[in-house]
Amino acid sequence: MKHPSVAIVRSDFHDRHSTSWGHVWLEYCVDADLPHSLIDWRGLGAFEALAKHDIVVWHYSHFSRDEMLFARSILVALKAVGCRVFPDVADSDHFDDKIAQSYLLKALGIAMPKDYPMHCRSAVDEWIRDVGEFPVVAKLRTGSGASNVRLITSADELRHYAKRMFGRGFSGKPDTVFKIKSNVASARSLKDIVKRLKRAPEFFFSLRNARGLPRERGYVYLQEFMPGLDYDLKVVVVGDQLSFIGRSVRAGDFRASGGGGLFYERTLIDQTIIDSAFQAADTLRSDCTGFDMIKDPRNGQPVILEVSYGFSHTALLGSGGHFDREGNWHDTPLNAPRALLDRLVKEVTGQ
Ligand SMILES: Nc1ncnc2c1ncn2[C@@H]1O[C@H](COP(=O)(O)OP(=O)(O)O)[C@@H](O)[C@H]1O
Ligand SMILES: [Mg+2]
């Protein structure tokens with residue numbers, strides 16, 4: 001097959017958010033002269049229209065309740081029809097679900113902080129009795145930008161938190177005040193503030209969508225606290241290419257993601273990070289994903305905090321290049337959605 005046809009699913013965030021990948025895919029198809037269609041997944045007959053294509057790509061958002069409810073199963077069915085899909089289950093099964101990631105990464109032997117998914121209050125009581133190491137990080141399964149990640153400092157606070165998690169739970173939507181505070185605190189110049197203000201409608205669009213997300217309840221998810229870190233890394237792997245974004249921890253806080261303090265210090269990406277990111281991507285059989293990585297301050301070993309293809313491809317371009325598996329730097333930025341689609345096209349055409 002020389003010219004596979006590509007269906008780009010018009011996601012709920014298409015035209016509404018700069019982190020959406022649909023436009024990059026459309027551009028790629030035009031550049032590569034591939035037959036393609038942009039298909040609204042909500043339309044009547046959308047499945048049949050999608051199924052006519054060799055490749056189907058859908059950058060669905062964790063802020064869209066409806067996409068989170070339906071996208072995965074639609075893609076699984078399209079795969080059954082014979083389409084090559086992205087995200088395939090290797091990338092979608094655990095998307096925006098830190099507990100699913102916990103079970104899977106542990107099962108596959110991928111290094112992450114010691115953690116404890118717990119599914120009843122007595123398990124939490126047992127944890128307090130048998131482990132009881134504070135402070136400890138508590139996370140909701142869902143969410144981004146560190147909105148749903150907190151530090152718990154005592155057994156009493158954890159009991160209180162567990163009571164709420166096994167009761168009415170917490171809203172999974174992003175915390176507006178936290179988001180605004182993070183953005184203001186990390187702005188470096190007036191130009192920066194203006195740039196961020198221009199993106200405010202995107203945030204409010206995400207927030208409106210996130211209102212429909214279910215409340216998070218019925219579990220407690222704890223992770224050992226890694227102290228003394230002043231940044232984390234978003235490390236993205238597509239095939240044989242790897243690129244990164246450095247993210248400073250917020251002042252007076254332990255959380256980096258969503259803080260807005262981005263930097264691109266290439267020397268932080270040493271061969272141990274490169275090896276473990278490629279190894280994790282290969283083990284997961286991922287087509288394209290971002291790992292939130294830190295180095296365990298006790299032994300310098302890289303660990304993965306989170307796995308998600310829902311990162312900002314534009315922020316990734318800021319690193320100005322990418323690494324290969326051997327750790328060589330290349331000055332071509334990694335445009336993740338483009339590289340991913342290129343990879344799928346090569347796969348289905350047998351190149
Ligand atoms: N176990 C941990 N120890 C220390 N810091 C952590 C730990 N887990 C997360 N963090 C910090 O909190 C931030 C948010 O955590 P993460 O699990 O990536 O959630 P989110 O989905 O909101 O990005 C990370 O960017 C990191 O700086
Ligand atoms: Mg994260």
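This is a predicted model: local features need pLDDT of at least 70, side-chain atom pairs count only at pLDDT 80 or more; totals for chains, interfaces and linings use all residues.
## Overall build

Let's start with the whole chain. The protein runs to 351 residues, and a compact globule of that length would have a radius of gyration near 20 Å; the value here is 20 Å, which agrees. Laid along its principal axes, the C-alpha trace covers about 60 × 45 × 45 Å.

In secondary structure terms, you're looking at 13 helices and 15 strands. Of the 351 residues, 38% count as buried. If you take the contacts with a separation of 6 or more, 69% of them link residues 24 or more positions apart.

## The parallel sheet

Now for the sheets. One of them is open and has four strands in the order E2-E1-E3-E4, paired in parallel. Strand E2 (36-40) and strand E4 (84-86) sit at the edges with a single partner strand each, so one side of each has no neighbour in the sheet. On average, neighbouring strands here are turned by 20° against each other, direction ignored.

Zoom in on one pair and you'll find strand E3 (residues 55-57) joined to E4 by three bridges, in the parallel sense. Within that pairing, Ile55 stands opposite Arg84 in E4. Helix H1 (residues 22-31) lies across strand E1 (6-10), E2 and E3, and it runs at about 155° to E1.

## The antiparallel sheet

Another open sheet also has four strands, this time ordered E5-E8-E6-E7 with antiparallel pairing. Its edges are strand E5 (115-118) and strand E7 (149-152); each has a single partner strand, so one side of each is left without a neighbour in the sheet. Neighbouring strands in this sheet are turned by 25° against each other on average, again ignoring direction.

E6 and E7 pair antiparallel over four bridges, and Val137 stands opposite Leu151 in E7. Two helices pack on this sheet. Helix H5 (residues 98-107) touches E5, E6 and E8, with its direction making about 120° with that of E5. Helix H7 (residues 155-165) touches E6, E7 and E8, and its direction makes about 140° with that of E7.

## The E12-E13 hairpin

Phe291 stands opposite Val307 in E13. The hairpin these strands make has six residues between them, and there Gly300 takes a positive phi near 70°.

What about cover? Strand E13 (residues 302-308) is mostly tucked away, with five of its seven residues buried.

Technical notes: Residues are numbered from 1 along each chain as its sequence is written. Chains are lettered from A and ligands numbered from 1 in the order in which they are written. A residue is buried if 20 or more other C-beta atoms lie within 10 Å of its own, exposed if 12 or fewer, and partly exposed in between; C-beta atoms are placed from the backbone. Two strands pair if DSSP finds at least two bridges between them. The radius of gyration is taken over C-alpha atoms; the globule rule is 2.2 Å times the number of residues to the power 0.38. Two residues are in contact if their C-beta atoms, placed from the backbone, lie within 7 Å. Axes are lines fitted to C-alpha atoms, for helices over the stretch in contact, and angles run from 0 to 180 degrees between N-to-C directions.
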